[in-house]
Amino acid sequence: MKKLLFSTVFAMSLTGAASAEEVKIGAPAWTGAQAIAHLIAEIVETRMGGQAELVPGNNASIFQAMGQGNGDIDVHPDVWLPNQQSFTDKYVEEEGTVILSDNSYEGKQSFCVSRAFSEANNVTSIFDLARPEIAALMDSDGNGKGEIWIGAPGWASANVNEVKVRDYGLMPFMEPIRADQAVMTATVGDSIRKEMGYAFYCYSPHAIWFQHDIVRLSEPPFDPEQYIAIQPSDDPDWFENSKVMTEDALKNVQIAYSSTLSERSPAIADLLANIQLDGETVSDFAFQIEGGKDPADVARDWVAANSDRVDSWLGL
């Protein structure tokens, strides 16, 4: 019955018998989110005859707008959980103003160095960064500390990683750096060319696994009792009250959308509920975009090459 209803609504939207389907898609800065945002827009516009607009924003602003439900932003394309748990707790669980798709793909977060640096200096563990001679090899600005990129400004994961740097005992040796993801990507390539050391937050799916030969640094196995990660939105003393001394658990990455979208654009809401991606596909998206291809072109080419898969999301 649901499939029949969706197909009817979808057909009406294509023939103009119903009002045009419209959606505003939040577009966070990281490449995977950009790719999925463009993918949703491509399907809405070319397969549904609707209208889609991408709206830049960070996690907080996108969730707030979705929660308001007035159409300023309708969709977050790439919600990493439990990283963004504070937002889903508020808007999904408590207020019920945002819906979280049941479909997810798997994400993994770590710290990395280049394979060449790892093998040349026997750096295999996060605790190796506390060796003074290793920190010295990662000190590009001469301030006496190596640099470790922990994420971009506004990322919940960057807050967790800063706590990790402290609780792993790295603060005397490594300086946590927050900068745009593009800065990290460029610095990784530059450090490899110059045969220098550079430590950075890494995650998959991501283009960097295709771009460079890198390795994850081992961390203590995930232990929820040793992983107390508090976000600034929950506690102004989040840094002092957090304790993170283990690796991250595997992540579920999902699409979220405003609950009012089901009334304003029901066919698009059904599409968002049905989309099912995987890490390999998202990594390939990111690799192409990082290589200079326009995200809209990546989305258009993928939709053209995967018509049956898109049809299944559309209930056709």
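Asn122 lies in the loop between helices α5 (115-121) and α6 (132-137), helices (H or I, at least four residues) and strands (E, at least two) being DSSP runs numbered from the N terminus. The structure is a predicted model, in which local features need pLDDT of at least 70 and side-chain atom pairs count only at pLDDT 80 or more, while totals for chains, interfaces and linings use all residues. Residues are numbered from 1 along each chain as its sequence is written, and side-chain values use heavy atoms, with hydrogens and water left out.

The phi of Asn122 is near 55 degrees, a positive value in a residue other than glycine. Asn122 is exposed, with a relative accessible area of 53%; buried means under 20% relative accessible area, exposed over 50%, and partly exposed in between (1.4 Å probe, protein chains only). A positive phi of about 55 degrees is also found at Glu195, which is not a glycine. Glu195 lies in the loop between α8 (181-193) and β8, and counts as exposed at 73% relative accessibility.

Helix α2 itself covers residues 31-47. Its 17 residues reach 23 Å from the first C-alpha to the last, close to the 24 Å expected at 1.5 Å a residue, where the expected span is 1.5 Å times one less than the number of residues. Helix α2 is mostly covered, with 13 of its 17 residues buried.

Two cis peptide bonds are described here. The bond from Leu81 to Pro82 is cis, with omega near 15 degrees, and Pro82 is found in the loop between β3 (75-81) and α4. Ser204 and Pro205 are likewise joined by a cis peptide bond, with omega about 10 degrees. Pro205 is placed in the loop between β8 (199-204) and α9 (208-211).

A search of the whole structure finds 15 salt bridges, each defined as a side-chain nitrogen of Lys or Arg within 4 Å of a carboxyl oxygen of Asp or Glu. Among them, the side chains of Arg166 and Asp167 meet at 2.7 Å, N to O. Arg166 counts as partly exposed at 25% relative accessibility, whereas Asp167 is buried, with a relative accessible area of 19%. Asp248 forms a salt bridge with Lys251, the closest N and O atoms being 2.9 Å apart, and both residues are buried. Lys293 and Asp301 also meet through their side chains in a salt bridge (2.7 Å, N to O). Lys293 is partly exposed at 32% relative accessibility, as is Asp301 at 38%. Salt bridges that share partners join Lys164, Glu219, Asp248 and Lys251 into one network. Lys164 lies in helix α7 (residues 156-167) and counts as buried, at 1% relative accessibility. Lys164 is 18 residues from Gly146 in sequence and 16 Å from Gly146 in space, C-alpha to C-alpha.

Asp89, Glu93, Glu94, Glu95 and Asp234 form a negative surface patch. Patches are made of residues with over 30% relative accessible area and no salt bridge, like charges being joined within 9 Å and nonpolar side chains (Val, Leu, Ile, Met, Phe, Trp, Tyr) within 5 Å.

Key:
Accessible areas come from the Shrake-Rupley method with a 1.4 Å probe; for residues, only the protein chains shown count as cover. Lys and Arg count as positive and Asp and Glu as negative; His and the chain ends are not counted. The place of a charge is taken as NZ of Lys, CZ of Arg, CG of Asp or CD of Glu.
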